Amino acid sequence: MTDLTRTDAVRRHDPAVRGFASDNYAGVHPEILAAIALANDGHQIAYGEDDYTAHLQDVFRRHFGDKAEAYPVFNGTGANVVALQALLPRWGAVVAAESAHINVDEGGAPEKMGGIKLLTVPTPDGKLTPELLDKQAWGFGDEHRAQPLAVSITQSTELGTLYTADEIRAITEHAHQLGMLVHVDGSRLANAAAALGLPLRAFTTDVGVDVLSFGGTKNGLLLGEVVVVLNPERVRNIKFLRKTSMQLASKMRFLSVQFEALLSGDLYLRNAGHANAMASRLEAAVRGIDGVEIVRPVQANAVFAILPREVSERLQKHYRFYFWNEHTGEVRWMCSYDTTEADIDGFVAAIVEEMGRV
Ligand SMILES: Cc1ncc(COP(=O)(O)O)c(C=O)c1O
């Protein structure tokens with residue numbers, strides 16, 4: 001037994017403390033931990049030839065249709081970079097919202113690791129439309145312009161908003177007419193399914209999405225995301241791209257078994273639905289506080305607000321969260337699968353108290 005397990009005294013953090021900085025701050029859901037333990041012991045073939053990864057294909061086909069192929073990877077940036085490379089030739093570019101994670105939060109990985117040019121479009125709410133797509137989808141055949149051969153949208157978006165199934169269909173139809181392929185960054189796809197009340201395939205496979213990055217980490221996994229190919233005729237060679245992008249896990253059974261636990265029953269919906277419900281609770285309570293403005297629609301598990309900067313800074317001494325926009329003072333509050341009603345109520349009481357000191 002190691003020192004770490006021998007005594008509680010070595011626990012490095014207070015397990016009762018939860019903030020609103022990110023859904024990545026949460027720990028691992030107990031059912032996921034149990035699944036990892038279940039897959040432990042004994043030997044399994046490495047690099048994805050194991051029985052858990054084989055079974056995972058059935059799990060993903062049940063959710064995304066008979067043609068779906070599932071490729072587990074370590075993280076969301078890796079999933080996006082692998083998926084996008086499969087959509088583009090070396091001269092290709094991907095159109096995305098300016099606020100897209102691939103543009104603002106991946107350290108340039110799509111450009112550096114994937115060699116991909118990003119063509120971005122400002123949006124009011126983090127969502128592309130066919131009209132917004134057209135702002136960058138031009139110059140086909142002109143060798144002086146990186147060829148806009150793919151589009152990437154995020155569901156739910158980085159700004160906490162949702163696309164309806166019809167809105168995604170409008171984008172895929174338009175993109176396909178232009179000869180472009182469509183990627184969905186589904187880091188929070190489960191939050192979208194819970195919020196829309198739709199099966200996962202209803203706003204992906206069934207509306208023409210070609211490939212997606214399916215998130216697990218933000219929804220209770222230890223780590224892991226899955227590149228899900230929905231259109232294998234057009235999206236090929238993921239297994240080679242995954243390896244050369246350093247996203248091929250040798251002990252893949254431990255990634256795969258987590259997704260099996262998440263998706264074989266309703267855990268993905270329970271976790272995501274709970275996170276969404278906590279965001280709604282926070283929104284409803286904060287709307288009643290004078291001087292605090294909710295500045296974006298709350299459609300998934302994120303709440304964006306503007307309040308006096310000194311109030312935010314005082315709150316941050318007790319609750320972690322980030323400024324989203326340093327210039328406007330906009331902050332982002334994220335809820336996760338383990339956020340409790342008491343966490344929300346305590347945070348709201350703290351906001352009320354601090355606003356009273358303004
Ligand atoms: C929209 C979106 N995509 C992808 C990711 C995954 O990124 P990471 O590489 O940190 O797992 C995140 C995480 O914050 C995200 O918000």
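Q: Is glutamine 136 buried or exposed?

A: Buried means under 20% relative accessible area, exposed over 50%, and partly exposed in between, with a 1.4 Å probe and protein chains only. Glutamine 136 has a relative accessible area of 15%, so it counts as buried. This is a predicted model, in which local features need pLDDT of at least 70 and side-chain atom pairs count only at pLDDT 80 or more, while totals for chains, interfaces and linings use all residues. Residues are numbered from 1 along each chain as its sequence is written, and side-chain values use heavy atoms, with hydrogens and water left out.

Q: Where is the place of glutamine 136, and what does it touch?

A: Helices (H or I, at least four residues) and strands (E, at least two) are DSSP runs, numbered from the N terminus. Glutamine 136 lies in the loop between α7 (130–134) and β4 (147–154). Contact means heavy atoms within 4.5 Å. Leaving aside residues up to four places away in sequence, glutamine 136 touches Val95, Leu119, Thr120, Val121, Arg145 and Pro148.

Q: With which side chain does the side chain of glutamine 136 make a polar contact?

A: A polar contact is a pair of N or O atoms within 3.5 Å; within protein, one must be able to donate a hydrogen and the other to accept it, and residues adjacent in sequence count only if both atoms are side-chain atoms. Here the partner is the side chain of arginine 145, at 2.6 Å.

Q: In what order do the four strands of the open sheet stand?

A: Two strands pair if DSSP finds at least two bridges between them. The order is β8-β9-β11-β10, with antiparallel pairing. β8 (293–294) and β10 (322–325) are at the edges with a single partner strand each, so one side of each has no neighbour in the sheet.

Q: How many bridges join β9 to β11?

A: Five bridges join β9 (residues 302–306) to β11 (residues 330–334). Among the residues concerned, valine 303 has tryptophan 333 in β11 as its bridge partner.

Q: Which residues of α9 are buried, and what covers them?

A: In α9, Leu189, Ala190, Asn191, Ala192 and Ala193 are buried. Their cover includes α3 (51–64), β5 (181–186), β6 (211–215) and α12. Glycine 197 follows α9, and its phi is positive, near 70 degrees.
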